[in-house]
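Reader: Please display the model, and then let us discuss its side-chain contacts.

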Amino acid sequence: MTRNHSSLFRFSIYALLLLAGGFVCAEGDVTESMTNLVLQIAVILFAVRVFGKAAERIGIPSVLGELISGVIIGPYALGGIPLPGFPHGFFPLNSADLAVSPELYGFSTIASIILLFASGLETDFALFLKYSLTGSIVGLGGVVFSFVFGDITGVLLLGKSFSDPLCLFLGIMSTATSVGITARILSAQKKMDSPEGVTILAAAVFDDVLGIVLLAVVLGIVAVLQGGGSVSAGAISLIAARAFGIWLGFTALGLIFSKRIAAFLKLFKHSWDFSICALGLALLLAGFFEKQGLAMIIGAYVTGLSLSGTDIANVVQERMYGLYEFFVPLFFAVMGMMVNVRALFSAEVLGFGLCYTVLAVVSKVMGCGIPTLAMGFNLRGALRIGSGMVPRGEVALIIAGIGLTAGILDEQMFGVVILMTLLTTLAAPPLLTASLKMNGRGTRKETKIGDSETITWDFGTAEIAGMVNHGLLRDLRSEGFFVQSLNMDEGISHARKDDFALSITKKENIITIEASQEEAGFIKTTMYENVLRLNEAMQDLKDASDPLQLKKDSFDGVIHNCALHADKHLVKKIKARAISVDLQGNTKDEILKELVQLLANTGHVTNFAQVLHDVDEREKVMSTGMQNGIALPHAKTDGVDGLCCAIGIKKTGADFGAMDGKPSTIFILVASPKVEKSPHLQFLAFITSILKNEGKRARIAEAPDAATVKDILINEL
């Protein structure tokens, strides 16, 4: 998915208005309550970004940083300190049952629905069916072992029965798996297409589905127990049948009528509208499932799963990205804010948490690893697969939040779950990395996908790489491959067909594909055909348009229509030390070299040769000689660390391939970084608009020194 800041703003405003309108207090000052909510959300948004980035820099998942940020600013820590205007703290403790305000918890509830809706959209149901045997065996083993070990932990350490609601929740929270962390490790170790990598990812799909159904069953059992009912084998069977029936029924209906649902949504025409309505369906089904005694997140996941195979799935994912980036980190922060720091670091919680964590790790390693021994893997491979299923993540936190608000978990047990989630997420990367680095294959026999090859293409720009990647994934789908997007943020996809397994990673302008050596020829052929088709499309575009006319139209548009704004930030880019009124060069190459030498005076040039090369390559595409004696050579390059410009005057003029065929006298070179965002085109339009005045152009061309040129360009705006 691509980032879209305007989309994020637009989505967020809609959501804020909707939720703020819904949270109306029966007593008290509503305006003050809403003001506090807005201020709290503002602080959380900055906190999760700072701590999330800090976590990434030290090599741990950003989600842990977001969770820790909530602990630090929450009511049990800094948030409870009295401040002027906030006598009970910026994040006052609401109650023992719900540490944060109902309004803030409402935001986190919406976030959990968005999170599971997005997870459902990313689930390839055809992939789940295709690999149901492998996935079911490994996933079922992991879920069963984790649930039993988690439940028994409560039985042994708390002295409760196996069917006690608290023990059941400890069991269900232990089953969750965060495969996104594993996927990043597999990609970094070039093992995405290995037998272990394929098995882990296939099992993760099944694990998600089975975990959702098991949650529904446990919630049904808890509801009966809280109502004073019994949980005999017959009662449990009825509860399981009802929960499974509701889930399976709505899932089946959703998949059967998915195309009709998508067609209905498309009646709203614009992609923004039908994407919002798709989320509306997720909210609607989430509420219905909650009314039936199941969790809201189950309904959200079913909605996403139903739409995952439709033609609008990718569009909805992209349009949802802004909401996802806004709400989901907020959810992790709110979960952190509900952690009682004193309880978390008490001897009881630490002791229980460490035991629970150890058993959570062992249960996944054993539960997912042991079944693989009967599927052609050796002990080494079983350890890798088990390690890959260890990290818990967002689903465990969502379930913990449900248990806390339902009164099943207290502060101590909630702290235990947070501790387990943190430790398993931290322990999984080194454990999986160490097992992957063990010498030898993980299977008893040689397998086709075990001998991998990495193929890398550099397409020069992120835009071209994006188009190529999109076309490649489309071609793989048309060839019968199942293509899976592994998470919202990483540019990692996985494609499978029978014994073929491919890992595709797009990062900026680089596309990397990992595949077996036998598949390398197929991949290279597919990429060649894809690039050839894209090249033909670009040629058709070139034939259908006149670049020279477009160049002239753009220049005329700036000259005649562009309003001149003295943007102080852009004006500061004009430096007297990077201006020459006496260029010595007589050819284009000589002038370009001289301009780059001037550009170096700005202090932004880090690689002179790279800048000169990139500017020259841009000139080869089409000359930047405009008309009226103006030339605007420019380029995006890795040779500068910030936007900068150089200005040169050659009073006798030089041939620069201008549109009007006349010599150019005023040369303005603009360079900016390839990767970092900078107002490159804005500056070009800005500087061109300054030169629209014929008298000013004449004065610049005859200026005696650099200071005069700068004065004409800046001080007479």
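Reader: Is Glu617 buried, partly exposed or exposed, and at what relative accessibility?

Author: This is a predicted model, in which local features need pLDDT of at least 70, side-chain atom pairs count only at pLDDT 80 or more, and totals for chains, interfaces and linings use all residues. Residues are numbered from 1 along each chain as its sequence is written, and side-chain values use heavy atoms, with hydrogens and water left out. Buried means under 20% relative accessible area, exposed over 50%, and partly exposed in between (1.4 Å probe, protein chains only). Glu617 counts as partly exposed, at a relative accessibility of 34%.

Reader: In which helix do Asp616 and Lys620 lie, and about how many helical turns separate them?

Author: Helices (H or I, at least four residues) and strands (E, at least two) are DSSP runs, numbered from the N terminus. Asp616 is partly exposed at 22% relative accessibility, whereas Lys620 is exposed at 59%. Both lie in helix α25, and because they are four residues apart, their separation is about one helical turn.

Reader: How many residues apart are Glu619 and Lys588, and which helices hold them?

Author: The side chains of Glu619 and Lys588 form a salt bridge of 3.0 Å, N to O. This pair links distant parts of the chain, 31 residues apart: Glu619 belongs to helix α25 (residues 608–621) and Lys588 to helix α24 (residues 588–599).

Reader: What is the geometry of the aromatic pair of Phe656 and Phe667?

Author: Rings of Phe, Tyr and Trp (its six-membered ring) pair if their centres lie within 6.5 Å; planes under 30 degrees apart count as stacked, over 60 as edge-to-face and the rest as tilted. The structure holds twelve aromatic pairs. For Phe656 and Phe667, the centres are 5.3 Å apart and the planes make an angle of 65°, an arrangement that is edge-to-face.

Reader: Why does the pair of Phe656 and Phe667 tie together parts that are apart in sequence, and by how many residues?

Author: Phe656 is buried at 1% relative accessible area, and Phe667 is buried at 0%. Phe656 lies in the loop between β9 (644–654) and β10 (664–673), whereas Phe667 lies in strand β10, so the pair joins parts whose separation in sequence is eleven residues.

Reader: What separation do the C-alpha atoms of Ile408 and Phe169 have?

Author: Ile408 is placed in the loop between α18 (394–405) and α19 (411–436), and it counts as buried at 12% relative accessibility. Along the chain, Ile408 and Phe169 are 239 residues apart, while their C-alpha atoms are separated by 7.9 Å.

Note on methods
A salt bridge is a side-chain nitrogen of Lys or Arg within 4 Å of a carboxyl oxygen of Asp or Glu.
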